[in-house]
Amino acid sequence: MRFLRTFLRGLAKSWEFIRRDKKAMAGAIILFILLLISAFPSWFTPDNPTAYAYTPGIGLSWAHPLGTDSFGRDVFSQLMAGTRQSVMIALVVGFFCTILSVAIGVTAAYSGGVIDDVLSLGTDVILVIPTFPLVIVIAAYLKGASFWTVVFVLVITGWSYGARQLRVQALSLRNRDYLLAAKARGESSWYVICVELLPPMTSLIVANFLGAALYAIIAASGLQFVGLANVNTQAWGTMLYWAQNNEALPAGLPLWALAPGIMIAIFGSALALLNYAFDEVSNPALRPVAKKRRKKALA
Amino acid sequence: MRFLVRRVGFLLIALWAALTLNFFIPRLMPGNPAEAIMAQYHGRLNPSSLKAIEAAFGVGGHQNIFVSYVQYFADTFQGRFGISTSYFPVPVTTVISRALPWSLGLVGVTTILGFVLGTALGAIAAWRRGRIFDNVLPPVFVIISAFPYFWVGLLSIWLFSLTLNWFPTLGGFTETATQAWTWGFVGDVLWHSVLPAFTILITAIGGWILTMRNNMITVVAEDYVTMAKAKGLKPRRVLWQYAGRNALLPNLTGFAMSLGFVISGAILVEYVFNYPGVGFLLLNAVNSEDYPLMQALFLLITVAVLLAIFVSDIATALLDPRTRSER
């Protein structure tokens, strides 16, 4: 219970911070809109995204804001319908990567000794094995990987960077007085880790989540784009796959090929802006200087 | 000395892990990919070659897994990667050596260029902290670095090739040209490399700008930089000779790592442009289920990255005594 409260307090602090930072706010608003679209895609899709119902290959028009593809499907509706899977892959991978990173990084730092040596070595080895080629090789054997397979592949390849960062920060906190005091009081390890060690690390954990999600959306879209994931689902990457395989650019249908990429870029930018802002929290030296000076001058 | 032993030890462990991964991935996968490989080879290879492939992929089940594991290591260290199924009967190593120069040229040059340019811009941004240059540059590149780089490739094809007709759309050279060291052919190759190079550069540069800027901000606050300024040294000298050199050190590891990745090519950019490099080859191997080629490529890429990291660790230790005492 106590853990939940400190966790919520950490989140509240993050929110406080997002509200004050322009970059973070922009990221949060974009993220909110995309989440809304993922939750209720039908509110945003004027046409059936899978219906081969219209004149193929028309450009911008009132009836089809982004035109139709060469199968006669409405591009805008496909974009909206694809939002859910793309956003979900990123968030789910981000979530599981963060859990693994925290578990491994913090366990290593907190336990020390042989456990730390083994876990750090494992982390470092995974970290240096080239991720994207590995993802491609695994996906190649799994032909037409489903949503959860893609998630699985991206999580096992994506957690190591965060684990290393979190380990370093946990190490620097491990011997602080308040931690030693809690241990001396005879608190259990669980208590010390969850209530004393993790809360100060919230901003780094959030930054890790955002970084992993950013990695996931780009890697997952890349896999879908080259046809290594199930391409018969609705997602931005699979739209790119169909556009590329039907020569959308030479055929004069640039919107079909470019619009999904813009959506990925918008989503990615939202994550990157938030991440950049949270980087400034965990490293105060990076915070903008000009603003502070102005505030002081006003006061 | 102790440091060197540690790094060599890590290199060996990482190599072993990568090789083992490469060995077990096809065995752990559902649907028995090995059977598919054997079917592709059926009737095309002599029995002894078949046996080597059985060892590499663990087919049939009549072979002890430990025996094949040892056999696999022996084959790998002697560079026996088998025969490509999609370019049958060309050995995998020959197929790779044809693609390698393309990736080395394109990605090698752009990686170095991106690092130099990005580092310089990042250093200047930190130096002019809070001015317009620093306020605009980092956020812009934060956003650009979130773009899927293959999509930047699609965009530049559409804009510069199909709409403006400035550059060719696909390939590494004109198909009909004779490949030789003539000015005409070299020019043709350069001509074809402009768009892929631009795509890689624009997406890679942001990371260097941001990390250099962040390193630089902490270094600029150090006493020796204040001291150098107080001595009345020219700002440019303080920027590059005092602050810049030290801020660069942590980035060297990243740079070495990205040099290792040069071997893998820019996989998706090469795919978008049909550029005949290693990345394009890897995806082609995947699409045509050429597993021996795919596995050899994965190993090659991994070994390149591991060696690059190893070299960078040693170089960093030589350049920066502070890192030597650490672990």
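How many of the 299 residues of chain A count as buried? The share is 47%. Welcome to this predicted model, in which chain A is built with 14 helices and zero strands, while chain B comes to 13 helices and zero strands.

- Reading chain A along its sequence gives the pattern α-α-α-α-α-α-α-α-α-α-α-α-α-α.
- Starting from the N terminus of chain B, the elements run α-α-α-α-α-α-α-α-α-α-α-α-α.
- Chain B has 327 residues, and buried ones make up 41% of them.
- Take the contacts in chain A between residues at least 6 apart in sequence: 69% of these join residues at least 24 apart.
- For chain B, contacts between residues at least 6 apart in sequence join residues at least 24 apart in 70% of cases.

**Where chain A touches chain B**

- The contact draws on 42 residues from chain A and 44 residues from chain B.
- On the side of chain A that touches chain B, the elements giving two or more residues are helix H5 (113-128), helix H6 (131-141), helix H11 (202-225), helix H13 (254-282) and helix H14 (289-298) of chain A.
- H13(A) provides the largest share of that side, with 12 residues.
- By class, the residues on the side of chain A that touches chain B are 35 nonpolar, five polar and two charged.

**A buried residue in chain A**

- To find A:Ile193, look in helix H10 (residues 189-197) of chain A.
- Is A:Ile193 buried or exposed? A:Ile193 counts as buried because it has 20 C-beta neighbours inside 10 Å, and 20 or more is what a buried residue needs.
- Setting aside neighbours within four places in sequence, A:Ile193 is in contact with A:Val106, A:Tyr110 and A:Leu198.
- A:Ala170 is 23 residues from A:Ile193 along the chain, and 9.6 Å separates their C-alpha atoms.

**H5 and H13 of chain B**

- Helix H5 (residues 92-127) and helix H13 (residues 291-319) of chain B have axes that come within 10 Å and cross at roughly 55°.
- That angle makes H5(B) oblique to H13(B).
- The crossing in which H5(B) passes H13(B) is right-handed.
- From H5(B), B:Val92, B:Val95 and B:Ile96 meet B:Pro292, B:Leu293, B:Ala296, B:Leu297 and B:Leu300 of H13(B).
- The residues of this contact of H5(B) with H13(B) are eight nonpolar, no polar and no charged.
- As background, an α-helix has 3.6 residues a turn, so residues three or four places apart point the same way.

**H12 and H13 of chain B**

- Helix H12 (residues 278-287) of chain B also meets H13(B): their axes come within 8 Å and cross at roughly 145°.
- Here the crossing of H12(B) past H13(B) is left-handed.
- On the H12(B) side, the contact is made by B:Val278, B:Leu281, B:Leu282, B:Ala285 and B:Val286, and on the H13(B) side by B:Leu293, B:Met294 and B:Leu297.
- The classes in the contact of H12(B) with H13(B) are eight nonpolar, no polar and no charged residues.

**H4 of chain B and what follows**

- Helix H4 (residues 65-77) of chain B has 13 residues and reaches 18 Å from its first C-alpha to its last, close to the 18 Å expected at 1.5 Å a residue.
- After H4(B) comes B:Gly79, which has a positive phi, near 70°.

Note on methods: Residues are numbered from 1 along each chain as its sequence is written. Chains are lettered from A and ligands numbered from 1 in the order in which they are written. This is a predicted model: local features need pLDDT of at least 70, side-chain atom pairs count only at pLDDT 80 or more; totals for chains, interfaces and linings use all residues. Two residues are in contact if their C-beta atoms, placed from the backbone, lie within 7 Å. Helices (H or I, at least four residues) and strands (E, at least two) are DSSP runs, numbered from the N terminus. Ala, Val, Leu, Ile, Met, Phe, Trp, Tyr, Cys and Pro count as nonpolar, Asp, Glu, Lys and Arg as charged, and the others, Gly among them, as polar. Axes are lines fitted to C-alpha atoms, for helices over the stretch in contact, and angles run from 0 to 180 degrees between N-to-C directions. Angles under 35 degrees count as roughly parallel, over 145 as roughly antiparallel, 65 to 115 as roughly perpendicular and the rest as oblique. A crossing is left-handed if the near helix is turned anticlockwise from the far one by less than a right angle, and right-handed if clockwise. The expected span of a helix is 1.5 Å times one less than its number of residues. A residue is buried if 20 or more other C-beta atoms lie within 10 Å of its own, exposed if 12 or fewer, and partly exposed in between; C-beta atoms are placed from the backbone.
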